[in-house]
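Below is a short briefing on selected features of one protein chain.

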Amino acid sequence: MEKLLHAIIIIIIAASGLCVVSSHAERRYHFIYEHKNLTEARSYCREHYTDLATVETLEDVNTLTAMANLSQMIYSSNNYRAWIGLYDDVNSWRWSLADAAFYKPEEADFKNWADGEPNNDRSVERCADMYGNGFWNDEDCEMPFSSVCSDCRGSNVTFVLVNTPMSWARAQNYCRTHYTDLASVRNMTENQKVAGLTPSGKKVWIGLFRDSWKWFDVVSHKRVVKVRLEKQSSSLNLNDPAVLGDILKQFEQKLMDKGLNGAVRLSWVTQSDGNVFHEEKKKKETLD
């Protein structure tokens, strides 16, 4: 018997704040020639305008170049500088497996960094790997390492070592194709399991990564929508974490196909009974 079930999903969309309130042609730039550090410069811009400048096109670059009064911008000999709103978001670490239902309170925030890590060495380290001793390190995502995948079946999570050296992105794709995702490490018990799979003297990719360069004037728009699915198999448990994760991946792929790659994050809303999907009761028909 086919059943109609519903669930609630949260969609977080990143969009430029300036573009929301005005078209590109209406954007106005203002040079502030008083010397300030980054914090002071941003505070001033937010107080008097919108934010530090976002530069999206070559036309924007040409506009700023034409506006600049170099005689007031001297930072050092033959070196002209002005702050813009681009920054490296070193505090945006999150797991590749984004389904909120997979994590108990505070589990998504579990970290086990080695001393001095993450340090963003050479300003290129945006992915996390694990040493054999269980401590974590941030690393250049293009480095070829072995990886650990998570295989989620119901409430059971198994970790699988993949010895083939790959970049973080290729490892993520491999894990999502053959298992569930790159390993999420939610607690010290799971950390020890992954460390136990790590070859001696080697490092393995795990599913932790962060954003790179972004603009200050980007804001997040959160939307909550209800999803209805028709269940055609009585043996399928839509509240199985693996099934929920697979559905999210399909939604994310659809959004990526629409050109929203990297700009959208999805997560399920867990109800008070611990489930995401609930059977929708049919309305009783009334006779005239």
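The charged end of Arg 186 sits over the ring of Phe 102, at 4.1 Å from the ring centre; the criterion is NZ of Lys or CZ of Arg within 6 Å of the ring centre and within 35 degrees of the ring normal. The model is predicted, so local features need pLDDT of at least 70 and side-chain atom pairs count only at pLDDT 80 or more, while totals for chains, interfaces and linings use all residues. Residues are numbered from 1 along each chain as its sequence is written, and side-chain values use heavy atoms, leaving out hydrogens and water.

**Aromatic pairs**
- There are 11 aromatic pairs, counted for rings of Phe, Tyr and Trp (its six-membered ring) with centres within 6.5 Å; planes under 30 degrees apart are stacked, over 60 edge-to-face, the rest tilted.
- Phe 31 and Tyr 33 are stacked because their ring centres are 5.7 Å apart and their planes lie at 10°.
- Trp 95 and Trp 136 pair edge-to-face, with 5.7 Å between centres and 80° between planes.
- Trp 95 and Trp 136 are both buried (under 20% relative accessible area; exposed is over 50%, partly exposed in between; 1.4 Å probe, protein chains only).
- Ring pairs link Trp 93, Trp 95, Phe 110, Trp 113 and Trp 136 into a cluster.

**Strand 6**
- Strand 6 spans residues 125–131, and five of its seven residues are buried (strands are DSSP runs of E, at least two residues, numbered from the N terminus).
- Strand 7 (residues 136–140) runs antiparallel to strand 6, joined by five bridges; pairing requires at least two DSSP bridges.
- Strand 11 (residues 203–209) is also antiparallel to strand 6, with four bridges.
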